[in-house]
Amino acid sequence: AVDAASTGRGVTLQNNSNTIIGTVNLTAVDDLFNNVGSWLTAGGTSDFGGGNDLLNNSATGLIDAADVAGTAELTTFNGLEQFTNAGRVSLQDGGVDDRLVTTGNFTGAGGTLLIDAVLQAGGTADVLRVDGNVTGQSLIVDGGWTTW
């Protein structure tokens, strides 16, 4: 969706109210991605490059990291140093075992993580894996896939 790696200087990607579909490939220096709209990146690998990169998902932002029920999708944010979520991050697609992996730190800024889960003995769920530090607060909402 966005390929800015060849620019040679840091970029600010501002998604105000649009829908970005696909992955991002950013630069080898500091980059900033402000998501106020929707980013549909299910099953993709985004490369934030080098530098000190920041992804801000605002209160009205949606990052959709899974969209095919019955397929265990893997969405990856490589090279991302800081992911701050005040909006919605969705792994809900009607099936479990989807994963969103981020290489940096995650700050819950009052946002919501939407997952599918089977809450019973031996049950499974979608996963947000953070390879860095986790701070702040986020609401986790099960998409109703739960069986008892």
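The briefing below treats the nonpolar core, the aromatic rings, the strands and some individual residues in turn.

The model is predicted. Its largest nonpolar core holds 23 residues, and a search of the whole structure finds 5 aromatic pairs.

**The nonpolar core**

- Within the largest nonpolar core, the residues that touch the most other members are Phe33, Trp39, Phe48, Leu55, Phe77 and Phe83.
- The element that gives the most to this core is strand 14, which spans residues 105–115 and supplies 3 residues.
- Phe33 is buried, because its relative accessibility is 0%, and buried means under 20%.
- When neighbours within four places in sequence are left aside, Phe33 is in contact with Leu13, Asn15, Ile20, Val24, Trp39, Phe48, Leu54, Leu55 and Asn56.

**Aromatic rings**

- A pair of aromatic rings is described by two values, the distance of the centres and the angle of the planes.
- The search of the whole structure gives 5 aromatic pairs.
- One of these is the tilted pair of Phe33 and Trp39, with 4.9 Å from centre to centre and 50 degrees between the planes.
- Trp39 counts as buried, at 0% relative accessibility.
- Phe83 and Phe106 form an edge-to-face pair, with centres 5.2 Å apart and 85 degrees between the planes.
- Phe83 belongs to strand 11 (residues 82–85) and Phe106 to strand 14, so this pair ties together parts that are 23 residues apart in sequence.
- Phe83 is buried at 0% relative accessibility, and Phe106 is buried at 7%.
- One aromatic cluster is formed by Phe33, Trp39, Phe48, Phe77, Phe83 and Phe106.

- Leu32 is the bridge partner of Thr12 in strand 5.

**Asn35, a buried polar side chain**

- Asn35 lies in strand 5, which covers residues 32–35.
- The relative accessible area of Asn35 is 0%, so this residue is buried.
- The side chain of Asn35 reaches the backbone oxygen of Gly37 at 3.3 Å.
- The backbone oxygen of Leu62 is also reached by the side chain of Asn35, at 3.3 Å.
- Beyond its neighbours within four places in sequence, Asn35 is in contact with Asn15, Asn56, Asn57, Ser58, Gly61, Leu62 and Ile63.

**Ala28, an exposed loop residue**

- Ala28 is located in the loop between strand 4 (24–25) and strand 5.
- Ala28 is exposed, because its relative accessibility of 62% is over 50%.
- With neighbours within four places in sequence left aside, Ala28 is in contact with Gly50 and Gly51.
- Ala28 and Gly95 are 67 residues apart along the chain, and their C-alpha atoms are separated by 36 Å.

**Val130 and its contacts**

- Val130 has its place in strand 15, which covers residues 127–130.
- From C-alpha to C-alpha, Val130 and Asn105 are 6.6 Å apart in space, and they are 25 residues apart in sequence.
- Apart from neighbours within four places in sequence, Val130 is in contact with Thr102, Gly104, Asn105 and Phe106.

Notes:
Residues numbered from 1 in each chain as written. Predicted model: local features only at pLDDT ≥ 70, side-chain atom pairs only at ≥ 80, totals over all residues. Heavy atoms only, no water. Core = buried A, V, L, I, M, F, W, Y, C linked by side-chain atoms within 4.5 Å. Buried < 20%, exposed > 50% of the residue type's maximum accessible area, 1.4 Å probe, protein only. Helix = DSSP H or I, 4+ residues; strand = E, 2+ residues; numbered from the N terminus. Contact = heavy atoms within 4.5 Å. Polar contact = N/O pair within 3.5 Å; in protein donor to acceptor, adjacent residues only side chain to side chain. Pairing = 2+ DSSP bridges. Phe/Tyr/Trp six-rings, centres within 6.5 Å; stacked < 30°, edge-to-face > 60°.
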